[in-house]
Amino acid sequence: MRSKIVKIFSLVVVIVMVATTSAHAYSLTGWYLYYKTAYFKWGDYIQTSGSTVRNAWEDAIDDWNDACSANFYYSSGAISELNSMHDDDDELLGWTYTLPNTDGSVAYFFGYLNAWSPYIGQTNVARSSANHELGHVLGLDELYSGRAIMNLHRDRTSIYLPQTDDLNGIAAIYGD
């Protein structure tokens, strides 16, 4: 009888633990943009409109706006920058540096896409990389599994837009 009570109690504990534990398929950096809004300027190494890198940044800006009403605005006087870089590391497709204020809001950021990577010119790879980097600016961190733009191991040719897991992370940050 006692063994049966222990088993039932254990089962109830496990059910309560599972029911009250939430699993997140996103990871947060701890910073955020006020009103999901940021101002940026084009960096010195970005090519003119129509280049692969510039198009990728412009598409990613539209993608995040469409997906969660994020607003990235060009301003020649901005401190933050979207740019192109030239690095011999074939695997390095993009990089973002974000400096948060003490309250956790983003003070400024620098986002780069590696124009020298042989992969950047493949269909959707540059756009996927730009969306990933803007995800960092919005406050999302790296993932190592799952179907998300923030997954470092995603197929960049097929996952090039913010996914449900990414948008759930944005909702967790901004209360959407």
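Predicted model: local features only at pLDDT ≥ 70, side-chain atom pairs only at ≥ 80, totals over all residues.
At 23% relative accessibility, Arg127 counts as partly exposed; here buried means under 20% relative accessible area, exposed over 50%, and partly exposed in between, with a 1.4 Å probe and protein chains only. Residues are numbered from 1 along each chain as its sequence is written, and side-chain values use heavy atoms, with hydrogens and water left out.

The partner of Arg127 is Asp63: the two form a salt bridge whose closest N and O atoms are 2.6 Å apart. The term salt bridge stands for a side-chain nitrogen of Lys or Arg within 4 Å of a carboxyl oxygen of Asp or Glu. Because Asp63 lies in helix H2 and Arg127 in helix H3 (residues 125-138), the pair ties together parts that are 64 residues apart in sequence. Asp63 has a relative accessible area of 9% and is therefore buried.

By this rule the count comes to two salt bridges. The other pair to look at is Glu58 with Arg54, where the closest N and O atoms are 2.9 Å apart. Both residues sit in helix H2 (residues 52-68), four residues apart, or about one turn of the helix. Arg54 counts as buried because its relative accessibility is 14%, whereas Glu58, with a relative accessible area of 26%, is partly exposed.

Now the chain as a whole. Its sequence holds four helices and five strands, taken as DSSP runs (helices H or I of at least four residues, strands E of at least two) and numbered from the N terminus. Their order along the sequence is α-β-α-β-β-β-β-α-α. Of the 176 residues, 41% count as buried. The accessible surface of the chain comes to about 9800 Å², with 54% of this belonging to carbon and sulfur atoms; the areas come from the Shrake-Rupley method with a 1.4 Å probe, and for residues only the protein chains shown count as cover. Among contacts in the chain with a separation of 6 or more, 72% are between residues 24 or more positions apart, contact meaning heavy atoms within 4.5 Å.

Lys41 gives a local example of such contacts. Lys41 is placed in strand S1 and is partly exposed, at 26% relative accessibility. Leaving aside neighbours within four places in sequence, Lys41 is in contact with a set of residues including Tyr74, Ser76, Ile79 and Leu82. The C-alpha atoms of Lys41 and Tyr73, which are 32 residues apart along the chain, are separated by 8.4 Å.

The loop between H3 and helix H4 (164-174) contains Ile149. At 0% relative accessibility, Ile149 counts as buried. Its contacts, neighbours within four places in sequence left aside, include Trp64, Ser128, Asn131, His132 and Asp166. Between Ile149 and Asp166 there are 17 residues of sequence separation and 6.7 Å in space, C-alpha to C-alpha. Gln163 lies in the loop between H3 and H4 and is buried, at 16% relative accessibility. Not counting residues up to four places away in sequence, Gln163 touches Arg147, Ala148 and Ile149. The C-alpha atoms of Gln163 and Ala148 are 5.2 Å apart, with the residues 15 positions apart along the chain.

Two loop residues have backbone angles to note. Tyr35, in the loop between helix H1 (2-20) and strand S1 (37-42), has a phi near 55°, a positive value in a residue other than glycine. Tyr35 is exposed, with a relative accessible area of 74%. Asn124 lies in the loop between strand S5 (106-114) and H3, and its phi is near 75°, again a positive value in a residue other than glycine. At 23% relative accessibility, Asn124 counts as partly exposed.

Asp88, Asp89, Asp90 and Glu91 form a negative surface patch. Patches are made of residues with over 30% relative accessible area and no salt bridge, with like charges joined within 9 Å and nonpolar side chains (Val, Leu, Ile, Met, Phe, Trp, Tyr) within 5 Å. Lys and Arg count as positive and Asp and Glu as negative, while His and the chain ends are not counted; the place of a charge is NZ of Lys, CZ of Arg, CG of Asp or CD of Glu. Asp88 is found in the loop between strand S3 (81-85) and strand S4 (94-100), and its 65% relative accessibility makes it exposed.
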